[in-house]
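Q: Please take a close look at one part of this structure, the sheet, and then go on to the disulfides. Plain wording will do.

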Amino acid sequence: GSDDNCWLGPPESGRQVVLCGAATLAPGASTTFTIRATAPVAAGSYTNEARVVMDPALVDSNPDNDFAEFTFNVVHTSDLWITKAGTPSTVNAGETLTYTLQVGNLGPSTATNVTIDDIIPSTVAFVSATFSAPAGSGSCMRGGDVVICNVGTLEANQTATATIVVVPQQGGTIINSAQVRTVETDPDTSNNSAVASNTITLLAD
């Protein structure tokens, strides 16, 4: 959209041109035009140029100030979130405890190279880590006390799920934490981590 006195003109060198007209300007007077546009899809640096022209029959005493430009940057932002739950909430030592991790992308841009890092408590025995959604994408692997799930790409409003199975070895409360990250700029990192707390009981023999 643009000011009522502006309209689309013929493109120049493949670039879109907006023309704005003011019939006359008295000495010392000025006028303002407002042009609204949609940002480019591709990230990067862009320059917007503007120039003013007048009746060629008139003489511009200072043509050096007839041109202006503005450079702006377009970045991709993806607001990722993660939730984590351990079931059952209370489990006997030596029995299976399952962590379910769900991540999502609130957009507005597609998130690429999305990764989940899950720190396995030292008091559990690792059993497995699987990636179940989206179908056909993502994988999980264990490296020391960390399980890394490579989610890959998440479109805006898309979610993915990973499942980690462990067996607690000791009684007490265990805390398991995980975080999600991407190479895109995340405008809100407060929802990029999650914690699950579970109670482990010891069975008397």
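A: In this predicted model, 6 strands form an open sheet, and their order across it is 6-14-13-8-11-10. The pairing in the sheet is mixed. Strand 6 (90–92) and strand 10 (139–143) are the edge strands, and each of them pairs on one side only. On average, neighbouring strands of the sheet are turned by 25 degrees against each other, with direction ignored. In general, the strands of a sheet pair through backbone hydrogen bonds, either parallel or antiparallel.

T90 has T199 in strand 14 as its bridge partner.

Now to the disulfides. The count is 2, and with bonded cysteines counted along the chain the pattern is 1-2, 3-4.

C6 counts as buried because its relative accessibility is 9%, under the 20% cut-off. C20 has 30% relative accessibility and therefore counts as partly exposed.

The other disulfide is formed by C140 and C149, whose sulfur atoms are 2.1 Å apart. The torsion about the S-S bond of C140 and C149 is about 105 degrees, so this disulfide is right-handed. C140 is buried at 18% relative accessibility, and C149 is buried with a relative accessible area of 2%.

Notes: Residues numbered from 1 in each chain as written. Predicted model: local features only at pLDDT ≥ 70, side-chain atom pairs only at ≥ 80, totals over all residues. Heavy atoms only, no water. Pairing = 2+ DSSP bridges. Helix = DSSP H or I, 4+ residues; strand = E, 2+ residues; numbered from the N terminus. Axes fitted to C-alpha atoms, helices over the stretch in contact; angles between N-to-C directions. Disulfide = S-S within 2.5 Å. Buried < 20%, exposed > 50% of the residue type's maximum accessible area, 1.4 Å probe, protein only.
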